[in-house]
Amino acid sequence: MKYIKVFNVVPQMPEKLKPLLELAGNFWWGWNADAFNIFRHINADEWSSVSHNPIKFLSQVSQARLEELSQDEGFLFNLHRVMESFHGYLSRKTWFANRWPNAGSFSVAYFSAEFGINEGLPMYAGGLGVLAGDHLKSASDLGVPLVGVGLAYRQGYFRQYLNQDGWQQERYVENDFFNMPMSLMRDAAGNIISVEVEFPGRLVTAQVWKVEVGRVPLYLLDTNVPQNTPDDRNITAKLYVGDAETRLQQEIVLGIGGIKAIYKLGLKPTVTHMNEGHSAFLALERIAHHMDVDKLSYLEARELVAASSLFTTHTPVPAGNEVVANDMIERYLSRYYRKFGIGAEEFFGLGRINPGNAHEPFGMTVLALKISSRANGVARLHGEVSRRMWRGIWPNFPEEEIPIGSITNGVHVNSWISMEMSELFDRYLGPRWLEEPGDQKIWERISDIPSTELWRTHERRRERMVGYVRRRLRRQLADRGCTPEEVEMADQVLDPDALTIGFARRFATYKRATLLFKDLERLTRLLTDKNRPVQIILAGKAHPHDDAGKGLIQEVQRIARRADLRRHIVFLEDYDLNCAHYLVQGVDVWLNTPRRPMEASGTSGMKAVFNGAINLSILDGWWDEGYNGKNGWAIGRGEEYADTEYQDRMESAALFQILENEVIRQFYLRGSDDIPEVWVKLMKQSMTSLGPVFNTNRMVTEYTEKFYQPQTQRLDVLAAQQYAGIRELAAWKSKVRGAWGEIKIESVNVEPRHDWSTGTMLPVKAVVHLGRLAPEDVQVEIFYGRIDGDQKLFDSRVVSMVRQNPLPGGKFSFQGEIPCAVTGQHGLTVRVTPAHPNLGQRTETNLITWSE
């Protein structure tokens, strides 16, 4: 039956309890224990059953219970105290305000395909979304002027369950946005704010929802509106669908629709930050916008967009980066190259490593890299991997100069630390550990915590985790149709006092969830040792189209069903943020076994750190820089293998040796007070060394200081006086590109001496033909370094050369000198790159000439 009128029903809240509605509307409560407990106190079971969705929760609380609470002086006092804390949080002066009191126009629009804010807002699939959620929370804590932009998925990511054979099945649950902490954006007249995005032969409408994340608004686009066709209403139905065309449509709505929504809301970000390549099409719409609004040419508008764009890549393997078939790009986006006044091949070249290769599909990562003046990986090692992987875009530049830096990921500490551990930190570290988690001196106070208190706090969390696992296992066994006897056995799994290893993440083959299961006989001996038992909890989803990943889950489930192991191995279905909280807060060891260097960063182990768990991991991602030899265990020494079967055998054996000789022994080495002093010392070293580094407050501070603020300052310079700087820079680049073919290094002269003593300076002279370019248009440099066994330069350095007298025929002489500091064989060459005071970095023009 078709409805004729739409209306919304809201809870009838007693006057004294109305602050609950305000509190429920902002996810700040999710990282404030007192606020969280306000809802939990109303009805703990109901609060848990609605996945901590406060809007739905309040709608289900009985009127009698609400009336009772409105007369409960204790509850009202706590509510008042929480609201004071909430309002104080929103109004207090922040790090950003203190650091840049005159920030001016500074603002950031942060685009991501998923956001993991809380389990009550299921718009996430995994690590990328959780990182995005933690990024917003820390931006809020720090007061960074930032807004998030994403999609409102009506069904979110799939819910996982296993059949009787242990094979993953998927189901989708409808999200009721009107019973979630989000609201439709409306204009002054009360009309819903929406944007239209051009699709082949039609317009697709997306309405805009707003989610409050502390001080940071998150805007989500939703195509489920009556104006759209049934197919178009489903564009934003599911996260990460397998159909290529729907994925493209989602990326168009996210990027193009998202930036249109930003403009319609009256926002003018100085930086657009693309968290992965899904939103890269926003650059096309931004170029078109500035061409229309600011009357810039295509090249000028592209210059402006690049100057104010930042791209963060998360994918360390080429196959994992999104590519789109050229015919679909032509069908959906050809209007842009006509708008820009450029040819189709030039347009397609924006998404190709090799612009001249007509057979290369359109890459979203390539587009994002080419259209952004700044780019970064998410760990130091990942930055190196990314520079190597994408150097084909800048084929004539050395790998170390490929313009992809790195900012290592972190986690939002207050969202992941247990309430018990947080209270312990309050007592011994003082309140500043939360406000300034990057201060090393604060974390050094961890040593002041008595070993007994730290260990007992951790034991209580392990006990709670075991209770949670048993309850959750009971539900999943019952849902699977197991016998009552099998369901009852869930109450016997795991020992609250036993060494517990956690492994929870996406079940992709490169993460090697079954590395520990390579030697089942050896594993069984470890797990079932009566004096020193060990247990393992695993959780995670495989992508719906990843049968190999599903096979790993099935293998784990098959082993976990063995009569001798069923009390020692548990696989939890439908891994979500709530489950993650229990695991990272309760396990003793966090295991991570990726195939190096395929882990971009990983953040689950960081979450475990703040709760006292110790990392046992391959030296990949964040652990490659986090491990210091005293704060956990490393599997291997950072080796990379060509033979993956051999690698698995070697690293599985190494893992068992660490478990047998170090982990298990240290955990069960107890004193007369039953405290494992050696283990607790390791816990403290882990927290002290890793705590101040691997948190998102440090990460967002680094993004702000390294990218956001410098890009904003550069944009202010370029956009001043009706974009005079942009126009001049674009014209200069056109001139340089047109004349670069005339650049030639005629000669390089070095004194004909073979041996040079350390401490001396080696002079170098060069004659360069500049053609139509002036000396001010170029930078001439000596590029030198040591020579390795393959006769290649390494440990390379650059020294600028100084222009000398002009020579006839458009030639100029340059001179410089390099230090002879280290003994051994060295080499040098000379190169020329474009130079301009407003150039962001030397690779921007992709022009370079080397001496031959």
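**A sheet and its surroundings**

Author: Let's start with an open sheet of four strands, in the order 21-22-26-25, paired in the antiparallel sense (helices, H or I of at least four residues, and strands, E of at least two, are DSSP runs numbered from the N terminus; two strands pair if DSSP finds at least two bridges between them). The edges belong to strand 21 (744-750) and strand 25 (802-807); each has a single partner strand, so one side of each has no neighbour in the sheet. From one strand to the next, the twist averages 25 degrees (axes are lines fitted to C-alpha atoms, for helices over the stretch in contact, and angles run from 0 to 180 degrees between N-to-C directions).

Keep in mind that this is a predicted model, with local features needing pLDDT of at least 70 and side-chain atom pairs counting only at pLDDT 80 or more, while totals for chains, interfaces and linings use all residues. Residues are numbered from 1 along each chain as its sequence is written, and side-chain values use heavy atoms, with hydrogens and water left out.

Now look at strand 26 (residues 811-819), which runs antiparallel to strand 25 and is joined to strand 25 by four bridges.

Strand 23 (residues 778-787) and strand 27 (residues 826-834) run antiparallel and are joined by nine bridges. Arg786 stands opposite His826 in strand 27.

Strand 15 (residues 499-504) pairs with strand 16 in the parallel sense over six bridges, and Gly502 has Ile537 of strand 16 as its bridge partner. Between strand 15 and strand 16 the chain passes through helix 23 (residues 520-527), giving a right-handed β-α-β crossover (right-handed if, with the strands pointing away from the viewer, the path from the first strand over the helix to the second runs clockwise).

Strand 16 also pairs with strand 17 (residues 569-572), parallel, over four bridges; there, Ile536 has Ile569 of strand 17 as its bridge partner. The chain crosses from strand 16 to strand 17 through helix 24 (residues 547-560), and that β-α-β crossover is right-handed. As for cover, strand 16 (residues 534-539) has six of its six residues buried (under 20% relative accessible area; exposed is over 50%, partly exposed in between, with a 1.4 Å probe and protein chains only). Val534, Ile536 and Leu538 point one way and Gln535, Ile537 and Ala539 the other.

Leu494, in the loop between helix 22 (484-488) and strand 15, has a positive phi near 65 degrees and is buried at 4% relative accessible area. Arg512, in the loop between strand 15 and helix 23, has a positive phi near 50 degrees, and Arg512 is buried at 4% as well.

Last, some helix packing. The axes of helix 28 (residues 644-667) and helix 29 (residues 677-690) come within 7 Å and cross at roughly 105 degrees. That makes helix 28 roughly perpendicular to helix 29 (65 to 115 degrees; under 35 is roughly parallel, over 145 roughly antiparallel, the rest oblique). Val663, Gln666 and Phe667 of helix 28 make the contact with Val678, Trp679 and Leu682 of helix 29 (heavy atoms within 4.5 Å). By class that's five nonpolar, one polar and no charged residues (Ala, Val, Leu, Ile, Met, Phe, Trp, Tyr, Cys and Pro are nonpolar, Asp, Glu, Lys and Arg charged, the others, Gly among them, polar).
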